[in-house]
Every structure is written in C-alpha cells, then in structure tokens.
Amino acid sequence: MKRLVINTIEKKSKISKDIYGHFSEHLGRCIYEGLYVGENSDIPNVKGMRKDVVEALKNIKIPVLRWPGGCFADEYHWKDGIGPKETRKKMINTHWGGVTEDNSFGTHEFMELCDQLGCDTYINMNVGSGSVQEMSEWVEYLTFNGLSPMAKMREENGRKEPWDVKYVGVGNENWGCGGNMRPEHYANEYRRYSTYCRNYTDKKLYKIMCGPNNDDYNWTETTMKTIGKRGTYTSDLISGISLHYYTVPGVWEHKGSATDFTREEYYTTIRKAYKIDEYITRHSDILNQYDPEKEIGLIVDEWGAWYDVEPGTNPGFLYQQNTMRDAIIAGVSLNVFNQHSDRVKMANIAQLVNVLQSVILTDGENMILTPTYHVFDLYKDHQNATLLASYIENETIGTETDKIPMLSQSVSVLEDGTINITLVNMSDDKAEEVKVITVEKTTGEVSGKILTGEMHDHNTFTDKEKVKLADYTDFKVESDGVVMQVPAMSVINLKIK
Ligand code: AHR
C-alpha cells in the first residue's frame, strides 16, 4: 500500500483555469471540418460552427483557445480573412500540406467561435513575415472602441463593438518556422513589436514572448537577459514567455505509430512525456533570476504527443489516433502543470480537433471523443481551484532503459472546501492500493470517476465508446482516510467533501 498525504493547511498557488487551454491552427482538418463547416453545411451548425463539437468542448469547460497558429501564424495576414467571404484572398498553406486556404475562417469567425464556447481568446500575431504596423492594426481592429480607421473597418464588416482579447502571442517559434532568428535578435524584435501592441482598454493585454523549445535554456537565458530584470522596463512590455514541448516516442523521421506500439515504446513515451517536469523546473529557475516575484507566466502553449500520421492520410495534416497511452500522457502532464501553477499560467494542448493529440476526432458528420478528452473532463474542476501540498509514496517502474515513477498526483481544494484529487497509475500491469490521508480534514461524502483500459484501447467511428468514463466506487472510507484500489493504466478523479 502507498500513502497519499494531503496537507490541507498548506494552500499553494491558484491553478489558473487556462492550464486547461487548447490550440487550433489552420492545419489539416482542425479549423475546416473539425470546428468550422460553414453555414450552408448539412452538418448541424450555428453560424458555421459545428454544434456537436462546440457542445462537447463546453462540457469540459474549455477556458481559452489559441489561434491561428503555430507556424501558420507567422505567415498569416489578418486582413485576408475579413470582409465578404467571396472576395477574401486565397493563399497556399505552405507549412501544412500546401493546400489552398480560402480565408473563410478569419477574425470574426474565431471570435464568434470563442463566444459560442464561452472561452477566452489567445491570438498569435505574425512577427516572422508581418510588420509592426500590421500587428498593431490587428490589435486596434480587435479592441479599440472609438473613432479610428480599424474600428471603422470592423464596423463596416458588421461588428461595431470591440471584442475582449485576453492573450496575444508576439510571434511563434521564432527560433524556427517563425523566422529562424537568434535569441538576442528576436528579443529585440519582441521589445519593438510589443511596444506597439497597445492597450486600448483598462484590461491590459497579456503579452507573450516566444520562448524556448524543450531544453533550450540558452534561448530563455538570452531572451530574458535582453528583456532585463523586472523593474528595468515598463510592466506593459511582457506578461509571459512560452515553452513548447512535444512527446515524440521515436526520432523525428520515424516518430512511431499512434496505435501500434510495444510495451517498451509505451515506457519510452511516458518517460519522455514526464520530461516536461524537468524542463519547466529548469526554465523556471532561469525566470526566477529575472523575475523572482513570478509575475511573468510560463505559457506551455504547445504540448502533447506527436506520432506518425495515420496510414493513408495527408502527411501535412498531422492526423493521429489517440489511445489510453495518450490519456496517461495527458494525466501526468496536467498534474505537472498543476504542481507548477505558481509559474505556469496557461497551457494549450496541440491541437483541439483532428490534429496531433486531439480531444475530438471527426469524420464527416461523425465525431468521437478521445481518451485525452476524458482526462480533460476528469480534471476540469481543478480550474481556478487552489493547489494543496501533497506527497505520494511511489516506486520506480518501467523497463531496463526507461524508468518512470508509478504514480502521479495533484490535489486542489475547491471553493466549497471539497478536496479534488487526480491520480494516475502509469503501470501497464500493476494495480496499487493507495491510502489518502488528509491533514486536519474530516472525511465527508466521497465520490469519483475513472478512466482505465489497456494501453492500446481507443475509440473509433465504429466503436465510439470503447474508452469512456465510469463511476469510481472501489474505495473504502476509514476513520483515518480513504483506501483506494487503483487499477493499472488508470486516471482517477476523487472528490472528498
Ligand atoms: O502544432 C504543430 C506545429 O508544431 C506548430 O505549428 C508549430 O508551432 C510547432 O512546431
């Protein structure tokens, strides 16, 4: 038996709801088909947005959505995506499959989608191939309330009121697809672009600087040095810095199949997914030197598993299936983000629908919820809750080459005092008994939900509910705690009132 000790007295950081954020790029079938089918489609829609997808996303309380990319963002010219659809410019999506982008989904459509979802907006600006003027005019078009050329243009396009924009990204992966810049050069560009990214309302824009990939500590160090220590610049300059990390089981040329993998590959994948903990810790150590008060958020705005595309699909569309292995990746990663919620203020899994580690897959009018979707469902009550200090007795499992801890947990307290636990058992063959002991809290009503299965289990369009949530009842309330039976390969949410 292992013990999970929860210190209800030691309240830690608030878990930003935006850690449960998502990402939608003009890539493959994410926007077109996945989210947007157009008003004339036979697929039920509201103003072109798929009703089934919007409903499913509202159920997991999607808090924020990032758009239009990714690499696409640094080639996107927002004025191509406004005005009458018939006259919108058609372009080539050079990054993703070389397909024609007809710009029928643009600024107004994105803001409408977020409105239907009831979520906050995160717009990634173009630094790589855009200009300061183009970016500052987009901000004016989106948020200025008054007499100005961009506000007038917005009104002519049918929208008088400005929108609420919470986050803006100033470039994406500018060390790579966003211009192949060196860190010092990019950071200077960032200072310039950010200056003209004006605040037109009392609600200040949350400005995000392009941060590192994986373990590129030099990028973090050099860009932060160029920005300077907190207090040496106006607080308007920067609010957050991004971090991208993808879990690739194999090598870039042969990443591995999403569904056909060995036990060894399973452990390699989870070991690699767990690396996010080390990366966040070490990038945070650098940020602490420049911003000890932790005012600058670490924004993990691209994360998740990246496999070879499904056989027979366009290699540029990044369409992949999603198994219980992905559920474990999601559970572990979200626990890590919660545990680092003093610094991590947003995370956006890549990507929302039909691309990489999606929560939803679609095929024509059909839709399936992936195992990853169910993890977001299990974890949704952590949003805006307070992280509690917790400690779990653990053991090392895995193979000769890939060792990982068996259990991962995070614990928060909800507004009504309910203790909210999410627990992952990463072992493929070993169940465990876990005794939950809470310091200074009497155990009231206990309830739970569980996601479990064999590591390859996944949902298909002919077997839509092979992997789904079930009520979790395999626990016993004792005088000094709750004893849980935790199956192998499971993700559990337990609530103690
Ligand atoms: O999510 C797919 C791509 O991965 C994004 O466009 C890019 O930012 C990253 O390299």
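Trainee: I clicked on a glycine. Where does glycine 70 sit?
Mentor: Glycine 70 lies in the loop between β5 (64-67) and β6 (91-93). Keep in mind that this is a predicted model.

Trainee: What is the peptide bond from glycine 69 to glycine 70, cis or trans?
Mentor: That bond is cis, with omega near 20°. The peptide bond from alanine 350 to glutamine 351 is also cis, and its omega is near -15°.

Trainee: And where do I look for glutamine 351?
Mentor: Go to the loop between β13 (344-350) and β14 (360-363), where glutamine 351 has its place.

Trainee: New topic: the ligand. How many residues surround it?
Mentor: The ligand is surrounded by 13 residues, and the closest are Glu25, Cys71, Glu173, Tyr246 and Glu302.

Trainee: What about cysteine 71, backbone or side chain?
Mentor: Backbone: a polar backbone atom of cysteine 71 is 2.8 Å from an oxygen atom of the ligand.

Trainee: How much of the ligand's accessible area does the protein cover?
Mentor: The protein covers 93% of the 280 Å² that the ligand has on its own. The ligand takes up the second largest pocket.

Trainee: Now the strands. How many form the open sheet?
Mentor: The open sheet has 10 strands with mixed pairing, in the order β23-β22-β26-β20-β19-β16-β1-β21-β25-β24. At its edges are β23 (470-471) and β24, each pairing on one side only.

Trainee: How do β24 and β25 run, parallel or antiparallel?
Mentor: Antiparallel: β24 (residues 475-478) and β25 (residues 481-486) are joined by four bridges. They form a hairpin with two residues between them. Glutamate 478 has glycine 481 in β25 as its bridge partner.

Trainee: And how many bridges join β20 to β26?
Mentor: Seven bridges link β20 (residues 419-425) to β26 (residues 490-496), and these strands run antiparallel. Asparagine 420 stands opposite lysine 495 in β26.

Trainee: Which way do side chains point in a regular strand?
Mentor: They alternate between the two faces of the sheet.

Technical notes:
Residues numbered from 1 in each chain as written. Predicted model: local features only at pLDDT ≥ 70, side-chain atom pairs only at ≥ 80, totals over all residues. Heavy atoms only, no water. Near = heavy atom within 4 Å. Polar contact = N/O pair within 3.5 Å; in protein donor to acceptor, adjacent residues only side chain to side chain. Areas by Shrake-Rupley, 256 points an atom, 1.4 Å probe, with all protein chains shown as cover. 1 Å grid on protein atoms, 1.4 Å probe; cavity = no way out; pocket = protein on both sides within 12 Å on 5 of 7 lines; lining within 4 Å. Sits in = over half its atoms within 2 Å of the grid points. Pairing = 2+ DSSP bridges.
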